[in-house]
Amino acid sequence: MPEIKGSLGIQDFYDIIFDQKPLTLSKELLDTVEESHNFLKKFSKNKVIYGVNTGFGPMAQYKIKDSQTLDLQYNLIRSHASGTGNPIEPKYVRAAMLARLNTLSLGNSGVHVSVIEVMAELLNKNIVPLIYEHGGVGASGDLVQLAHLALALIGEGEVFYKGKRRPTSEVFEMEGISPIKVALREGLGLMNGTSVMTGIGIVNTIYTRRLLEWAISCSSAINEIMQAYDDHLSEALNSTKKHKGQQEIARAMRSHLKDSSLTRKREHHLYNSSSEVSVFEEKVQEYYSIRCVPQILGPVWDTLNEVERILIEEVNSANDNPIVDVEKKHVYHGGNFHGDYVSLEMDKLKIVVTKMSMLAERQLNYLLNSKLNNILPPFVNLGTLGLNFGMQGVQFTATSTTAENQMLSNPMYVHSIPNNNDNQDIVSMGTNAALITKKVIENAYEVVAIEMITIVQAIEYLGVADKVSSKTKKMYDAVRKIVPPFKEDTVMYPYVNQVKSYIINHQNMKS
């Protein structure tokens with residue numbers, strides 16, 4: 001059972017969000033939160049503290065009467081629960097809740113301890129606040145999306161519970177949950193931060209890591225299908241380039257192919273060939289989508305690691321305003337809520353995921369184009385040429401989906417639009433960036449699913465299932481449980497969706 005102590009890693013998100021392990025709150029964490037709240041309550045007396053006894057944003061110039069300070073917090077929550085569009089999927093909302101719980105537990109926000117306790121209870125009981133995709137500009141935090149979280153915590157709005165969308169008050173009554181206590185600045189404390197973009201971002205990295213493993217497997221399998229020379233994966237060649245990602249991808253592919261009987265040694269076939277040959281029947285070097293995989297997926301590996309590092313730093317940071325410092329007995333006003341770090345990392349992530357989908361699409365095209373590969377029938381058609389179509393139809397889907405990814409990869413980071421009476425004159429659009437990256441990742445899984453079905457059909461046509469590596473054979477068997485061998489044309493969309501569901505929900509064997 002994970003215990004939250006104010007510091008989270010990727011594995012904690014995997015355990016709590018993906019495996020739904022219950023979490024506990026350490027006594028030290030609860031004491032820190034309570035101490036921060038008590039200090040701010042005492043410190044704010046007879047002082048002007050933003051969001052405690054002032055209006056918000058451009059209306060911060062207005063002093064709020066003591067008798068109205070709690071109304072101020074409720075007004076903020078209710079007025080900003082204004083999201084539109086599609087609801088964000090529960091897994092991503094739960095990740096945002098965990099991120100918010102953690103940053104508020106650092107003791108820099110001054111919120112009441114009930115905020116932490118109720119959020120933990122909702123996570124453990126899988127009660128998911130309704131949060132919409134549209135609404136956040138990612139500068140004064142994810143204000144609109146986090147307002148929907150805050151709305152649920154005060155017992156209002158709607159939540160998803162046991163697969164149904166229901167009024168929060170009804171679910172709280174059923175589960176015996178008391179709403180949070182708004183005592184000081186709980187509205188602003190919940191809403192002022194980057195936790196939605198960060199939570200979505202961390203889930204994005206987990207899915208991207210999984211996608212990269214499948215891309216390595218597909219790329220390795222194509223090397224086997226084409227009986228490629230293996231020197232482009234050699235340690236000797238790849239160590240001459242100093243990028244860690246390239247070396248890691250090459251190592252993973254060597255590991256994947258170590259027991260394959262299909263890849264070839266250049267020295268066995270070309271270095272001892274007759275010098276009298278003027279034109280070689282076989283290609284001396286493979287196409288780039290086969291030969292340059294370490295150089296293409298290497299930057300993906302490096303970028304993903306950097307994105308993870310930045311997001312974990314963000315989730316373990318105070319991203320509130322103002323910042324309470326109990327040790328120095330002071331309250332600092334600034335802009336830690338600004339989401340530029342996350343926005344930039346999400347743009348970087350979606351670019352490399354798009355490149356993965358482009359690689360998969362090119363590898364797919366190579367398999368489907370008999371004039372390129374010279375060993376497979378057009379469209380890996382196991383039926384009658386002319387009468388049957390093989391994988392022709394799904395190529396259109398892969399191509400159009402890859403094209404959509406290319407368009408979606410334009411950055412959000414530089415699309416700032418001033419708003420809030422120009423108080424927020426430069427913003428991050430971080431939540432938009434995270435949600436678009438989510439879409440790009442889902443698209444890439446569709447392209448890879450189509451590629452995997454094609455790889456399996458190619459292995460079937462060549463009759464080499466007993467010669468591929470053990471890891472390719474496991475991938476082959478997994479797909480074959482979903483998609484039986486077919487010669488006659490069949491409706492493909494159920495198979496593509498089922499393979500996509502399988503690979504997005506199953507971690508591949510790490511090479």
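Does Glu89 count as buried, partly exposed or exposed, and at what relative accessibility? In this predicted model, Glu89 has a relative accessibility of 37% and therefore counts as partly exposed. Its salt-bridge partner is Lys438, with the closest N and O atoms 2.7 Å apart, and this pair links distant parts of the chain, since Lys438 lies in helix H18 (residues 430–462) whereas Glu89 lies in the loop between strand E3 (84–87) and H4, 349 residues apart. Lys438, at 6% relative accessibility, counts as buried.

A search of the whole structure finds 20 salt bridges. Among them, the side chains of Arg209 and Glu308 meet at 3.0 Å, N to O; Arg209 lies in helix H9 and Glu308 in helix H14 (residues 293–315), so that this pair ties together parts that are 99 residues apart in sequence. Arg209 counts as buried at 18% relative accessibility, as does Glu308 at 16%. Within helix H14, Arg309 forms a salt bridge with Glu313, the closest N and O atoms being 2.7 Å apart, and because these residues are four apart in the helix, about one helical turn separates them.

As regards helix packing, H4 (residues 90–104) and H9 (residues 195–225) pack at an angle of about 120 degrees with their axes 7 Å apart, which makes H4 oblique to H9, and H4 passes H9 in a right-handed crossing. Helices H15 and H17 (residues 392–408) pack at about 155 degrees with their axes 9 Å apart, an angle that makes H15 roughly antiparallel to H17, and their crossing is left-handed.

Key:
Residues numbered from 1 in each chain as written. Predicted model: local features only at pLDDT ≥ 70, side-chain atom pairs only at ≥ 80, totals over all residues. Heavy atoms only, no water. Axes fitted to C-alpha atoms, helices over the stretch in contact; angles between N-to-C directions. Helix = DSSP H or I, 4+ residues; strand = E, 2+ residues; numbered from the N terminus. Parallel < 35°, antiparallel > 145°, perpendicular 65-115°, else oblique. Left-handed = near helix turned anticlockwise from the far one by under 90°. Salt bridge = Lys/Arg side-chain N within 4 Å of Asp/Glu carboxyl O. Buried < 20%, exposed > 50% of the residue type's maximum accessible area, 1.4 Å probe, protein only.
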